[in-house]
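Below is a report on one protein chain, written for a reader who wants the criteria next to the values. The sequence and structure come first.

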Amino acid sequence: VHSACGENHCGLANFSQEQLKEIVTILDAAGFQIHSHCLGDAAVTMVLDAVEAARSANGSTQQHIIAHVQLLRSRDTPRFKALNVGVTMSPFWNFMNVSNVCNERLGSPRKWHQYPCKEIFDSGATLGFGSDWPVSSINPLAGIEVAVTRCALSTPHPTAG
């Protein structure tokens with residue numbers, strides 16, 4: 001996470017930024033599709049920076065993927081399309097996290113900007129959904145409902161008027 005949440009904890013990265021750039025550049029040059037899992041906004045920025053370094057070094061255009069993207073800095077949103085990085089989300093988790101401990105740590109207003117499906121979709125980036133089953137609902141309609149309404153399932157929704 002770009003700024004500390006809760007007990008000054010910003011999450012854990014598996015690689016330094018320089019290590020990640022090197023790994024992604026090597027794999028990209030070999031034609032591999034990179035599929036990263038990122039929850040926090042800092043992790044998303046790290047992967048986008050690594051893909052940008054790979055694009056610069058290799059001139060490649062194949063699509064890479066970032067899964068989850070629970071948090072995102074708005075200034076990183078246009079980078080997905082520009083770098084041809086797609087996003088796969090499990091929007092049902094937005095409903096699952098409504099009363100989750102991570103909301104307490106994120107605080108307002110950040111907790112209301114989790115899983116920014118519409119922001120990514122509106123940017124023109126490739127956006128796909130998955131269920132993340134068996135740790136969440138296997139029903140794809142439940143995920144779509146949460147993505148569209150950003151409300152708990154079966155919550156009455158205001159009608160467009």
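## Basis of the values

This is a predicted model, in which local features need pLDDT of at least 70 and side-chain atom pairs count only at pLDDT 80 or more, while totals for chains, interfaces and linings use all residues. Residues are numbered from 1 along each chain as its sequence is written, and side-chain values use heavy atoms, with hydrogens and water left out.

## Overall make-up

The protein has seven helices and four strands. Both kinds of element are DSSP runs numbered from the N terminus: helices are H or I with at least four residues, strands are E with at least two. Read from the N terminus, the order of elements is α-β-α-β-α-β-α-α-α-β-α.

Of the 161 residues, 37% count as buried. Buried means under 20% relative accessible area, exposed means over 50%, and partly exposed lies in between, with a 1.4 Å probe and protein chains only. Among the contacts (heavy atoms within 4.5 Å) with a separation of 6 or more, 71% come from residues 24 or more positions apart.

## The sheet

The four strands form an open sheet in the order β1-β2-β3-β4, with parallel pairing. Its edge strands are β1 (35-38) and β4 (127-129), each of which pairs on one side only. Neighbouring strands are turned by 25° against each other on average, direction ignored; axes for such angles are lines fitted to C-alpha atoms, for helices over the stretch in contact, and angles run from 0 to 180 degrees between N-to-C directions. Two strands count as paired if DSSP finds at least two bridges between them.

β1 and β2 (residues 64-68) pair in the parallel sense over four bridges. In this pairing His35 stands opposite Ile65, and His37 stands opposite Ala67. β1 has a covered face, made of Ser36 and Cys38, and an uncovered one, made of His35 and His37. The chain passes from β1 through α2 to β2 in a right-handed β-α-β crossover. Right-handed here means that, with the strands pointing away from the viewer, the path from the first strand over the helix to the second runs clockwise. In general, side chains in a regular strand alternate between the two faces of the sheet.

On its other pairing, β2 meets β3 in the parallel sense, again over four bridges, with Ile65 opposite Gly86 in β3. Five of the five residues of β2 are buried, so β2 is largely enclosed by the rest of the structure.

## The nonpolar core

A nonpolar core is a set of buried Ala, Val, Leu, Ile, Met, Phe, Trp, Tyr and Cys residues joined through side-chain atoms within 4.5 Å. The largest one has 25 residues, of which Val44, Ile66, Val69 and Phe80 touch the most other members. Elements that give two or more residues to this core are α1 (17-29), α2 (41-58), β3 (85-89) and α6. The most comes from α2, with seven residues.

Leaving out residues up to four places away in sequence, Val69 touches Cys38, Leu39, Val44, Val87, Met89, Tyr115, Pro116 and Ile120. Val87 lies in strand β3 and counts as buried at 1% relative accessibility. With neighbours within four places set aside, the contacts of Val87 are Ile66, Val69, Phe80, Ile120, Thr126, Leu127 and Gly128. The C-alpha atoms of Val87 and Gly128 are separated by 6.2 Å, although the two residues are 41 residues apart along the chain.

## Salt bridges

The whole structure contains seven salt bridges, each defined as a side-chain nitrogen of Lys or Arg within 4 Å of a carboxyl oxygen of Asp or Glu. Asp49, Glu52, Arg73, Asp76 and Arg79 are linked in a network of them.

Another salt bridge joins Asp122 and Lys118 at 2.6 Å, N to O. Both residues lie in helix α6 (residues 117-122), four residues apart, about one turn of the helix. Lys118 is exposed, with a relative accessible area of 58%.
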